[in-house]
Amino acid sequence: MKTSHQKGQALLEVLTALGVAILVIVGLSTLAVYGLKNAQHGKNVETATRLAGQGAEHVRTVRDRQSWTVFRTYPLNSCFQVNISNWTLQQVACGGVRLIGEFSNFLREVKLVDRSDLSGEGRLVTVTVFWTDTQGTNQIKTDTILTQWE
């Protein structure tokens, strides 16, 4: 026959086991949530890198479709949006242009920057992509020097 002391001890063992199980479940859940957040952030970094490269390639296409003389007339230290219907640069306010569709979480800023060391023979194109996710506000930046290649 069990005494009341033994019954209390069994209840204490069950509660202890339950507490340990809850701690393990909470720990695994937290780990899974952080893993998903980091995976999404990694995907956003990859997308932003691709969008920055695409922006630089769009400016390169503008340079290729226009003469170097025309391309050099775009004002330096200004931000642009590439009009891909006629492959021209349209001056816009700096701070980025919101992309559309599946990339609506991203802003892309395309800037032609003055570089005195290029002696007028090239243009520095800086493309910065901004986005916000669970890790805060982020940005990826790429620099490309375009020259008169003809």
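Student: What should I keep in mind about the numbering and the model before reading any value?

Tutor: Residues are numbered from 1 along each chain as its sequence is written, and side-chain values use heavy atoms, with hydrogens and water left out. The model is predicted, so local features need pLDDT of at least 70 and side-chain atom pairs count only at pLDDT 80 or more, while totals for chains, interfaces and linings use all residues.

Student: What volume does the largest pocket have, and how is a pocket found?

Tutor: Rolling a probe the size of a water molecule over the atoms shows where empty space is left. On a 1 Å grid over the protein atoms alone, with a 1.4 Å probe, a pocket is an open set of points with protein on both sides within 12 Å along at least five of seven lines, and lining residues have an atom within 4 Å of a point. The largest pocket here has a volume of about 350 Å³, a volume being the space filled by probe spheres set on the grid points, which are joined across faces, edges and corners.

Student: Which residues lie nearest the centre of the largest pocket, and which elements give two or more residues to its lining?

Tutor: The lining has 16 residues, and His 58, Gln 81, Val 82, Leu 99 and Arg 108 are those nearest the centre. Two or more lining residues come from each of helix H1 (4–65), strand E1 (78–83), strand E3 (97–98) and strand E4 (106–113), where helices (H or I, at least four residues) and strands (E, at least two) are DSSP runs numbered from the N terminus. By class, the lining divides into 9 nonpolar, 5 polar and 2 charged residues; Ala, Val, Leu, Ile, Met, Phe, Trp, Tyr, Cys and Pro count as nonpolar, Asp, Glu, Lys and Arg as charged, and the others, Gly among them, as polar.

Student: How many residues has the largest nonpolar core, and which elements give two or more residues to it?

Tutor: A nonpolar core is a set of buried Ala, Val, Leu, Ile, Met, Phe, Trp, Tyr and Cys residues joined through side-chain atoms within 4.5 Å; buried means under 20% relative accessible area, exposed over 50%, and partly exposed in between (1.4 Å probe, protein chains only). The largest such core has 23 residues, and Val 59, Phe 71, Leu 89, Phe 106 and Leu 112 have the most contacts inside it. H1, helix H2 (68–71), E1, E4 and strand E5 (122–133) each give two or more residues to this core, and the largest share, 6 residues, comes from H1.

Student: Which residues does Leu 89 touch?

Tutor: Contact means heavy atoms within 4.5 Å. Leaving out residues up to four places away in sequence, Leu 89 touches Val 59, Val 62, Phe 71, Tyr 74, Phe 80, Gln 81, Val 82 and Leu 112.

Student: Is Val 129 buried or exposed, and where does it lie?

Tutor: Val 129 belongs to strand E5 and is buried, with a relative accessible area of 0%. Among the residues that Val 129 touches, not counting those up to four places away in sequence, are Ala 48, Leu 51, Phe 106 and Ile 140.

Student: How many salt bridges does the structure hold?

Tutor: A salt bridge is a side-chain nitrogen of Lys or Arg within 4 Å of a carboxyl oxygen of Asp or Glu, and the structure holds 3. Arg 50 and Glu 46 meet in one, at 3.5 Å from N to O; the two are 4 residues apart in helix H1, and so are separated by about one helical turn. In another, the closest N and O atoms of Arg 60 and Glu 57 are 3.2 Å apart, and both residues lie in H1, 3 residues apart. Asp 64 also pairs with Arg 63, at 2.8 Å between the closest N and O atoms; Asp 64 is partly exposed at 35%, whereas Arg 63 is buried at 8%.

Student: Which residues have a positive phi although they are not glycine?

Tutor: Most residues other than glycine have a negative phi. Trp 87 has a positive phi of about 50°; Trp 87 is in the loop between E1 and strand E2 (88–92) and is buried, at 16%.
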